[in-house]
Amino acid sequence: MPIIIDGKKTSAEIKDEIAARVKEIKSEGGKTPHLAAILVGADGASQTYVGAKVKACEYVGFDSTLVRLDASISEEELLQKVEEINENPAIDGLIVQLPLPDHISVEKVTAKIKPEKDVDGFTPANVGRMALNWPTFVAATPFGIVELLKRYEVETSGKHCVVIGRSHIVGSPMSILMARNGNPGNCTVTLTHSRTQNLKEITRTADILIVAIGKPEFVTADMVKEGAVIVDVGIHRIEDASKKSGFRLIGDVKFDEVAEKAAAITPVPGGVGPMTIASLLHNTLLSAEKKVY
Ligand code: GUN
């Protein structure tokens, strides 16, 4: 049986570590970390995510501000709101929940966020700092994966890491983080995507396989080397009448058959997913303690 990399447990540990640090800060008379989230419109999934982020702030003892804006808000008004929070010294971290309505430019809004408060790690300045291996806010999912590999003491140095998917928020930063000089890191990295030829031949040589392609159960046992470490970033709802909720969650990896060959694997749910909020809290604490800028 492979090691099951437990993101739920690890995320709970990180939250408790952060809560302990916040207690210390407060007892020393320091500033309580404060996260602000902007939610535009009433997208169901976004409301759930933002709600979970606010709840997590309460759990660790952070202050939080949720700014709800109507979907019809103009781009200019949203940019002004971002500017207002940029200039508010009480707030350490700002996230603008994505997706945004079509009439608003994600690029313009992201670029408006002060890098010093960009705890999502989405601004060009912070992505650039990550690429340079400078102190920065690393985006939630890549940071969560790095933290899981570190805490499970996965040996990465000199290994071949194959990443499937080149999105700006997961695959692309993951390839940079795994190649850079650090721990985890020092991998030989292959970044694969929809145009990659002979994908299976490549994935079969992976010591560490990070899958963020967004296709249910895309990775099958024949694509995986015996003893590989598998990180599954995908999350898909599949209708299942036998479940009380009416659905179950699966990843980008066909878990049961791949697990038989793997040395370690992240499950879905309970793997990478729960780590993302812990990452956001981590970044907000870094910002409040002025550890990046
Ligand atoms: N939408 C989906 N994931 C994220 C995230 O990590 N940050 C923000 N701001 N929006 C998202």
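This is a selection-by-selection tour of a predicted model.

**Stop 1**

Select residues 5-120. An unreviewed UniProt entry annotates this span as "domain: Tetrahydrofolate dehydrogenase/cyclohydrolase catalytic". The span is 49% helix and 16% strand. Its end C-alpha atoms lie 24 Å apart.

Now select residues 140-291. The annotation here, again from an unreviewed UniProt entry, reads "domain: Tetrahydrofolate dehydrogenase/cyclohydrolase NAD(P)-binding".

**Stop 1: the ligand shell**

Which ones are they? Pick Ile-95, Val-96, Gln-97, Leu-98, Asp-120 and Ala-140.

A cis peptide bond joins the two, with omega about 5°. Pro-99 sits in the loop that links β4 (93-96) to α4 (106-112).

**Stop 2: α6 against α7**

Select helix α6 (residues 140-151) and helix α7 (residues 171-179). Two numbers describe such a pair: the angle between the helix axes and the distance between those axes. For α6 and α7 the angle is about 35° and the axes are 9 Å apart. The crossing of α6 over α7 is right-handed.

Show side chains at the contact. From α6, take Pro-142, Ile-145 and Val-146. From α7, take Pro-173, Met-174 and Leu-177. The make-up of this contact is 6 nonpolar, no polar and no charged.

Keep α7 and look at its buried residues. They are Gly-171, Pro-173, Met-174, Ser-175, Leu-177 and Met-178. What covers them? The cover includes α5 (124-131), α6, β5, β6 and β7 (208-211).

**Stop 3**

Zoom in on Gly-165. This glycine is in the loop between β5 (160-164) and α7. Is Gly-165 buried or exposed? Gly-165 is buried, because 23 other C-beta atoms lie within 10 Å and the cut-off for buried is 20 or more. Beyond its neighbours within four places in sequence, Gly-165 is in contact with Val-170, Gly-171, His-193, Ala-212, Ile-213 and Gly-214.

Move to Arg-166. Arg-166 lies in the loop between β5 and α7. Arg-166 has 19 C-beta neighbours inside 10 Å, so it counts as partly exposed. Setting aside neighbours within four places in sequence, the contacts of Arg-166 are Gly-171, Ser-172, Leu-191 and His-193. Display Gly-171 and His-193 on their own: each is in contact with Gly-165 and with Arg-166.

**Stop 5**

Select Val-268 and Pro-269. Here is another cis peptide bond, with omega about 0°. Pro-269 is in the loop between β11 (264-265) and α10 (275-288).

Gly-270 is found in the loop between β11 and α10. Gly-270 is partly exposed because 16 other C-beta atoms lie within 10 Å. Which residues does Gly-270 touch, leaving aside its neighbours within four places in sequence? The contacts are Asp-6, Gly-7 and Lys-8.

Draw a distance from Gly-270 to His-34. The two are 236 residues apart along the chain. Their C-alpha atoms are separated by 27 Å.

**Stop 6**

Most residues other than glycine have a negative phi, and most peptide bonds are trans.

Pick Asn-198. Its phi is near 55°, a positive value in a residue other than glycine. Asn-198 sits in the loop between β6 (188-192) and α8 (199-203). With 9 C-beta neighbours inside 10 Å, Asn-198 counts as exposed, because the cut-off for exposed is 12 or fewer.

Finish on Lys-290. Phi of Lys-290 is near 55°, again a positive value in a residue other than glycine. Lys-290 lies in the segment after α10. Why does Lys-290 count as exposed? Lys-290 is exposed because 10 other C-beta atoms lie within 10 Å.

Note on methods
Residues are numbered from 1 along each chain as its sequence is written. This is a predicted model: local features need pLDDT of at least 70, side-chain atom pairs count only at pLDDT 80 or more; totals for chains, interfaces and linings use all residues. A residue is near a molecule or strand if its C-beta atom, placed from the backbone, lies within 6 Å of it. UniProt positions are given in the numbering used here, feature names are shortened, and annotations may be inferred rather than shown by experiment. Helices (H or I, at least four residues) and strands (E, at least two) are DSSP runs, numbered from the N terminus. Axes are lines fitted to C-alpha atoms, for helices over the stretch in contact, and angles run from 0 to 180 degrees between N-to-C directions. A crossing is left-handed if the near helix is turned anticlockwise from the far one by less than a right angle, and right-handed if clockwise. Two residues are in contact if their C-beta atoms, placed from the backbone, lie within 7 Å. Ala, Val, Leu, Ile, Met, Phe, Trp, Tyr, Cys and Pro count as nonpolar, Asp, Glu, Lys and Arg as charged, and the others, Gly among them, as polar.
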